[in-house]
Amino acid sequence: MNKRHEVLFEQLRTYRGELLSMVEGLSEAEAEKIPEGFNNNIRWNLGHVCLDQYLWIQVLTKEEPPIPSSFNEWFGYGTHPSHFTEETPSLHKLIEILKEQPKVIQERYQDRLEEEFAPTEMGMHTLEQVFIRTIFHEGLHMGAIQALKRRIKLDAV
């Protein structure tokens, strides 16, 4: 694996670690709150980050992701926690899945980062390009989670 790819996987692990540290110590109840002015909760944001990364891989490779197809119904674009069912992963289960995801991705795709695929609607045609996009997307949801946490703490006062 070349140095650029090593750096990319290190970024996937590092940013994921930052995301997980943001939710460390949160209760299931806190992760479920949807403060006024917000569309979703912390649990939804975590599931969405996981799903988004696998969906972009799937869009490119046409391979099924290693998560249940129900993730799209619970955490896909335009969904809401009202779509959750008893089968929807809990906060703690999502944290477990998110911890493992960078390792799973590296094991599956480390030798395919520059493989050429038909381009996505955004023009991405390699997994390397997709991972750069998903790291950016994860950062957006880290901001949303920070805002949710601040609001939840303010509401608790």
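**Entry 1: α3.** I started with α3, which is mostly covered: 17 of its 20 residues are buried. Buried here means under 20% relative accessible area, exposed means over 50%, and partly exposed is in between (1.4 Å probe, protein chains only). Helices are DSSP runs (H or I, at least four residues), numbered from the N terminus.

Before going further, I noted that this is a predicted model, where local features need pLDDT of at least 70, side-chain atom pairs count only at pLDDT 80 or more, and totals for chains, interfaces and linings use all residues. Residues are numbered from 1 along each chain as its sequence is written, and side-chain values use heavy atoms, with hydrogens and water left out.

Back to α3: I checked its length, and from first C-alpha to last it reaches 29 Å, close to the 28 Å expected at 1.5 Å a residue. The expected span is 1.5 Å times one less than the number of residues.

Entry 2: At the N-terminal end I found N41 as a cap, with a side-chain oxygen 3.3 Å from the backbone nitrogen of R43. I take a polar contact as a pair of N or O atoms within 3.5 Å; within protein, one must be able to donate a hydrogen and the other to accept it, and residues adjacent in sequence count only if both atoms are side-chain atoms. Just after α3 comes K62, in the loop between α3 and α4. K62 is not a glycine, yet has a positive phi of about 65°. It is exposed, with a relative accessible area of 65%.

**Entry 3: the core.** Which residues have the most contacts inside the largest nonpolar core? I got I42, L46, F71 and F131, in a core of 42 residues. Such a core is a set of buried Ala, Val, Leu, Ile, Met, Phe, Trp, Tyr and Cys residues joined through side-chain atoms within 4.5 Å. Two or more residues each come from α1 (3-23), α3 (42-61), α4 (70-75), α5 (91-109) and α6 (127-156). The largest share, ten residues, is from α3. I also listed what I42 touches beyond four places in sequence, including V23, L26, I145 and I152; contact means heavy atoms within 4.5 Å.

**Entry 4: α5.** I ran the length check on α5 too: its 19 residues should span 27 Å at 1.5 Å a residue, and the end C-alpha atoms are 27 Å apart, which agrees. Where does α5 bend? At Q101, by about 35°, and a proline, P102, follows within four residues. The bend is the angle between axes fitted to the seven residues ending there and the seven starting there.

Q101 is buried at 0% relative accessible area. Beyond four places in sequence, Q101 is in contact with R16, C50, Q53 and Y54. A polar atom of its side chain lies 3.0 Å from the backbone oxygen of C50. Further along α5, Q106 is buried at 17% and touches M1, F9 and R13, again leaving out residues up to four places away.

**Entry 5: rings.** I found five aromatic pairs. Rings of Phe, Tyr and Trp (its six-membered ring) pair if their centres lie within 6.5 Å; planes under 30 degrees apart are stacked, over 60 edge-to-face, the rest tilted. W74 and F75 have ring centres 6.2 Å apart and planes at 75°, so I logged them as edge-to-face. W74 is buried at 5%, and F75 is buried at 0%. Ring pairs link F71, W74, F75 and F84 into a cluster.
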